[in-house]
Amino acid sequence: MSERIGVYVCHCGTNIAGRVDIDEVVEFAKGLDAVTLVREYKFMCSDPGQSLIQKDIEDGLINRVVVASCSPLMHEKTFRNVCTRGGLNEYLFTMANIREQCSWVHVDVERTTDKAKGLIEAAVRRTRLQEPLTKREVPINPRTLVIGGGIAGIQAALDLAEAGKKVVLVEKEPSIGGHMAKFDKTFPTLDCSACILTPKMVSVGQHENIELMSWSEVEDIGGYVGNFNVTVRKKTRYVDADLCNGCGACWEKCPGTRVPRKGNVHEKLSIGPTTSIYIPFMQAVPAIPVIDADTCIRFKNGKCGICAEVCERNAINYDMEDELIEFEVGSIIIATGFQTFDPTPIKRYGYGKLDNVLTAIEFEIMNCASGSTGGNIRMADGSEPKSIGIVHCVGSRDKHYHEYCSRVCCMYALKYSHLIKEKIDAEVYEFYIDLRCFGKGYEEFYDRLLGEDVRFVRGKVAEITEVPIEEAEKGKLVVEVEDTLVGKVRRIPLDMVVLCTGLEAHESLADIAGLCSVSIGKDGFIIEKHPKLGPVATTTDGVFIAGACQSPKDIPDTVAQASAASSAVLSMITREKIEIESATASVDEDKCSGCKICNSLCPYLAIKYDEEKGVSVVNEALCKGCGTCAAGCPSNAISAKHFEDRQIFAEIEGILSA
Amino acid sequence: MTFEPKIVGFLCNWCSYTGADLAGTARIKYAPNIRSIRVMCSGRIEPTFIMKALYEGADGVLIAGCHPGDCHYQEGNYKALRRHRLLKRILHEYGVEPERVRLEWVAASEGERFAKIVDEFTDQIRELGPLGIKDSLAEAMKDDIDPHEADKEESGVANEA
Amino acid sequence: MKLKGGIYWGAGCGGCDVAVLDIHEKILDVAEKMDFLFWPIAMDFKNDDVRAMEDGEFDLVLYSGAVRNSENEEIAKLLRRKSKTMVALGTCAHIGGLPSLANYHTKQSILERVYSETESTVNPEGTMPLERSTVDGNELELPRFYNTVKTLDQVVDVDYYIPGCPPVPQQIVNALTAVFNGELPPKGSVIGAGTKTLCDECPREREEKEISEIKRPLNMIPDPEKCLLEQGLICLGPVTREGCGARCINSGAPCRGCYGPLEGVHDQGIRMISALASVIEPKEEKEIDAVLDGIVDPLRTFHRFSTAASILRRKKI
């Protein structure tokens, strides 16, 4: 049967029609080889637009389809489905992108129209040579890997577990809980962070469907959607988790010091035991301690052994080693969270040099009732500050560091003001650029703070110094800032300054992203499948994201995204099977001479050499269709389906002809 | 009339094509001289495609893939880089300025950068002038005829120009 | 009835004709089946003898050599007209061969090099060849020297190709036998060679490839058991059709590509660039370049035999 191509030109309202002469394009397309009909429509993606194509296929008028409209990344799936519904193999369809890469980016109508013609001719010529491909389905392993045990990972794991699905939760720290476990109160409702988080942590620890691997890191991920092979390194705790009952005798007696016990109040800031054998905080899940080998006396000189002596259950084992555990899952949720910006490089803020300049996370710990200050706000020398400045946007909204807004700082800064007022009623200054109080109850919280005698100064802090100019500044930290509402540079002497350090991508995120084959944006965070319509999926099927690994987020948004990710996983698991890439590579055994050039090219190890036949073979279940092997094959024995040489050659000829 | 170069782009689906789309979504204007072909990975791009594009009339070819380390398929872009480095070494022997073939890394978030690269590259090629491989081939062969040919009858196949 | 055959050499070295003679006593079997009515290198024929023949009278013509001048083209066209089956014999007729390396130059630059610049040339008068000249009152004419070397099929319609520089004698016998028995594949096919690349018949051991240094044969003694490419030698075996019996490889020399590319490969040399670069080990630009520096004259290495058949065909003028 000869090729009869239908070309459908979309106006996209005026998005395309405003810049591309549709009539001219239609006339042009009519003249192309193998094109039997050309239609234009306001919105091809609308129901009536889709029906046009479906009907033409059903009426037998066409057996191949070209839609000239937006980007294939936008609607390829839509139109492929139309083909399928009409009874046409979806791979006999091509999209010509005359919007994102044509009408939206060029000005001159004549040249934009010419380009649209070229793109359409390329699509038509390629479509003539396209071949139907069979869809392939693979079963989905119903078990899910959640990487990261902060609030995002906890929520996602619990949602899945509650639905009766097995989850492996991997956390690199000794306990789950993440950043949230370090907070005292949460904005804007001022719930006690521990009160709302701890029950969830306990549920995770006890849930029959959750296998918790704390103090563990994902080492390798192979496979593909529905069938990932995961290798996790269970770091050694030197404590046998099966024997330990978390009694605490070991850390009570341990003479080692992980967190300095000398120094000023700020240097000693911590939550949880400061000993070498420790749990990170008292509500830790699991409540099984870890020995910090770097500071443990036993590991330094072999002379200690107190923890083993005091342990009634003989759970301490100094010879324990890392374990590699391999298992299979069907889906992965990345929930690795964030790290806070280190303000040391901003020299003019004096962090690390000036006593009483703190980061936000240090201030959180100071406020935490179970922390080293017992929740009391103290200066380095232990006295109570009379005045505190809160500097916004440190490392965020700053071209030198992170251009983005960290989204949580304004609100936690307001929370600090409230806590300060409540606890010590000190004088508080908020130095802000803009106050961004966008969430539910946030603006109201700001409003409340305005009534709590907090001084708001609109301006970016220029410098924090201890060099006084006036008498009143002596022995104080002086914040120099342009108060943009007054139009004056002010110097404000204060006792303590809190830097609202922004959120940034965790340093391990790039590695995790690499293991999962998902991309990282220039901000360092994972790129979601679609910024609006695919916020929890990624470009790799079966890999989802939750929380601050995607972008800075507050707790409500993180929990919402975590639940969305688990629901996406559930919908996939419920289908039991999933379609995988049909456009894979395949080897023509009659042509392959077994030169083995392709053998090392496949990142997924999908190419193996068949010794018996003397040819290389592609395992299509592992192949993701990148086509690198086809490009490297010296004898043209490997074809990249749907991106074959002849198809791309036709596209080149077409794109240059008009 | 100023010379308007024809540029063929080979863009990887995940980073560069997405980045080019982003330029569209953000309505960043750039020269219409580029016409792009989408491949899944820059690792799919064969030097043969580039030669073919040059032969078919492209004055310049832009290859774009994910930044090193960011390849959706892990390492395809390194293969693209190596092929590019080797291809660049031979182009001048064909009388093709190596600058006519350009490799760039464009991330999915770099719509603006994509637009800038296209504009810059277009200007650069405009400066170099038309490549005109087919015209040049015809020119090089125009005297490759038998001086007596005119007297004789034509045989089966004519010269391919 | 006996078949009528002809053999001609265009721009070539005569090696293909020698290869025909190298079939030794089998030439007698051939002579039994076919009369040679035209074979200038071996016997005395005149072009006019051919012109006097009926169109299509030759059952088989083997044309070796590239098309380099107007005489090559004239005879190619003449033989095409007079033959039923025309075969491009050898690399030059097939894909241009060594003569087509001239396509990286121009006619003018070649003449200047040969007639004035070479170190051994003494030509104070600057004498250059002329198409027409008068000697003792007689006008002499030389064939026109072309700017661009062409493959046979860039000039006339070709039915089959027997590759090789020169073709292996046994493969010529096989091809002739196929003709005599009427067992020919579809028109346009390569005959007298395999369908896979040389690696298929290469006896050396192969592993996955990761090349971190490129060497030249003069700088090393290769391991006789291992793949030459893996040892860093540029071996065109992966992009070259099998059929020669791995002659060079068995003598310890890497393949130079004379049997041409496989079906569906558009440009043998450029394909080699893709394949070779794919398995270069480093990832950093500088380190990649350092490895590539080891390839002396990459273009002529990869296109040694196939310039005329490459996509761009010649250097732009």
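Predicted model: local features only at pLDDT ≥ 70, side-chain atom pairs only at ≥ 80, totals over all residues.
The meeting of the two chains comes first. On the chain A side, 49 residues are in contact with chain B, and chain B brings 49 residues of its own. The size of an interface is often given as the accessible area lost when the parts come together. Here, the area buried between chain A and chain B comes to about 4,400 Å², with carbon and sulfur atoms giving 57% of that figure.

Polar links cross the interface too. Between chain A and chain B there are 20 residue pairs in polar contact, counting pairs with both residues at pLDDT 80 or more. The count of salt bridges between the two chains is 4. In one salt bridge, the side chain of A:Arg111 meets that of B:Glu4, with 3.1 Å from N to O.

As for which parts of chain A do the touching, the elements that supply two or more residues are α3 (72-86), α4 (99-103), α5 (109-129), α16 (628-632) and α17 (645-657). Of these, α17(A) gives the most, with 8 residues. Sorted by class, the side of chain A that touches chain B holds 22 nonpolar, 15 polar and 12 charged residues.

Now for the cysteines. Searching the whole structure turns up 2 disulfides over all chains. In chain A, the bond runs between A:Cys192 and A:Cys195, with 2.3 Å from S to S. This link is right-handed, at 85° about the S-S bond. A:Cys192 itself is partly exposed, its relative accessible area being 25%.

In chain B, the disulfide joins B:Cys15 and B:Cys66, whose sulfur atoms sit 2.3 Å apart. The link of B:Cys15 and B:Cys66 is right-handed, with 100° about the S-S bond. B:Cys15 belongs to helix α1 (residues 13-25) of chain B, while B:Cys66 is in the loop between β3 (60-65) and α3 (76-91), so the pair ties together parts that are 51 residues apart in sequence. Both B:Cys15 and B:Cys66 are buried.

A:Cys437 is in no disulfide; the nearest cysteine sulfur belongs to A:Cys410 and is 5.9 Å away. A:Cys437 is buried, at a relative accessible area of 10%. For B:Cys12, the closest cysteine sulfur is in B:Cys66, and because the two sulfurs are 3.7 Å apart, they are too far for a bond. B:Cys12 also counts as buried, at 2% relative accessibility.

Key:
Residues numbered from 1 in each chain as written. Chains lettered and ligands numbered in written order. Heavy atoms only, no water. Contact = heavy atoms within 4.5 Å. Buried area = accessible area lost by both parts, 1.4 Å probe. Polar contact = N/O pair within 3.5 Å; in protein donor to acceptor, adjacent residues only side chain to side chain. Helix = DSSP H or I, 4+ residues; strand = E, 2+ residues; numbered from the N terminus. Nonpolar A, V, L, I, M, F, W, Y, C, P; charged D, E, K, R; others polar. Disulfide = S-S within 2.5 Å. Buried < 20%, exposed > 50% of the residue type's maximum accessible area, 1.4 Å probe, protein only.
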